[in-house]
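Please keep the sequence and the model in view while reading.

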Amino acid sequence: MSAEILDRLQQINARIQQACTRSQRNADSVKLLLATKTVPANRIKTALEAGYTLIAENKVQELKEKYDALEAVPHENHFIGHLQTNKIKDLLKYSVTCLQSLDRADLAEKLHQRLQLEGKKMTVLIQVNTSGEESKFGVAPEGALQLVKQVSRLDTLQIKGLMTIGLLSTETEKVRQCFQLLRSLQQQIIAAAIPGVAMDELSMGMSGDMETAIEEGATIVRVGTAVFGQRPTPDSYYWNESVNVR
């Protein structure tokens, strides 16, 4: 099983390399983030020990369950799921360095308050719903600039870029439009020259659409099933929650 994971990681690296070559980009400009939802700690450890040390969970509960088993192996933890405000305190216990799914002002404010209490800062990406699907979280594209401005006033939160989940479709050009929209918003925010805001990262693209994302400027691709295999739960378990849940 370990050999299978390592082989798949090599395949993903080759795909990143090829997509970068086609796009005339340096392969070092794209980071591979391993999406580890539902993946047991021993399988994650295989990837970490092979040097693939950027990982992310979607649920705080899974982060908590695997934390002790992975703590001794050097790695960086991001969080890519929908974060409810009542989970902020738990999230900060488990060495998460970046919240990639900041999508609303009330979450930013509550996170800021908790970070102030603990004397900490956190890197964040603003999640944008570029597909327009009701089942997806993220600020609407037309509200992204305003949210960035609001979050920029909170000195514990360091904005480093944007994140999106592309349209789940086999029609590549429709998926591409999501990534092009995120890139366009990045340029718009850069042009606004908001103090303290960096737009270095575009986190977009997953197992099925990462080449398209790289072609459109992704700096982080989030890959899970192409490395660890199919999950026992459908994606709707993670993405299709009520948007009213906070």
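The side chains of Thr46 and Ser2 make a polar contact at 3.4 Å; a polar contact is a pair of N or O atoms within 3.5 Å, where within protein one must be able to donate a hydrogen and the other to accept it, and residues adjacent in sequence count only if both atoms are side-chain atoms. This is a predicted model, in which local features need pLDDT of at least 70 and side-chain atom pairs count only at pLDDT 80 or more, while totals for chains, interfaces and linings use all residues. Residues are numbered from 1 along each chain as its sequence is written, and side-chain values use heavy atoms, with hydrogens and water left out.

- Thr46 is found in helix α2; helices (H or I, at least four residues) and strands (E, at least two) are DSSP runs, numbered from the N terminus.
- Thr46 has a relative accessible area of 13% and is buried; buried means under 20% relative accessible area, exposed over 50% and partly exposed in between, with a 1.4 Å probe and protein chains only.
- Apart from neighbours within four places in sequence, Thr46 is in contact with Ser2, Ile5 and Leu6, contact meaning heavy atoms within 4.5 Å.

- Strand β1 (residues 31-35) pairs with β2 in the parallel sense over two bridges; two strands pair if DSSP finds at least two bridges between them.
- Ile55 in β2 is the bridge partner of Leu34.
- From β1 the chain crosses through helix α2 (residues 41-49) to β2, in a right-handed β-α-β crossover; right-handed means that, with the strands pointing away from the viewer, the path from the first strand over the helix to the second runs clockwise.
- Strand β3 (residues 76-79) also pairs with β2 in the parallel sense, over four bridges, and His78 in β3 is the bridge partner of Ala56.
- A right-handed β-α-β unit is made by β2, helix α3 (residues 60-70) and β3.

- The buried residues of α3 are Val60, Glu62, Leu63, Lys66, Tyr67 and Leu70.
- Seen down the axis of α3, these buried residues fall within an arc of 140°, so they line one face of the helix; the arc is that of the directions from the helix axis to the C-beta atoms.
- Glu65 and Asp68 are exposed residues on the face of α3 turned away from its buried side.
- One aromatic pair is found in a search of the whole structure; rings of Phe, Tyr and Trp (its six-membered ring) pair if their centres lie within 6.5 Å, and planes under 30 degrees apart count as stacked, over 60 as edge-to-face and the rest as tilted.
- The ring centres of Tyr67 and Tyr94 are 5.1 Å apart and the planes stand at 65°, so the pair is edge-to-face.
- Tyr67 lies in α3 and Tyr94 in the loop between α4 (88-91) and β4 (96-102), so the pair ties together parts that are 27 residues apart in sequence.
- Both Tyr67 and Tyr94 are buried.

**Lys160 in strand β6**

- Lys160 lies in strand β6 (residues 157-163) and counts as partly exposed, at 31% relative accessibility.
- Lys160 and Leu125 are 35 residues apart in sequence, and their C-alpha atoms are 5.8 Å apart in space.
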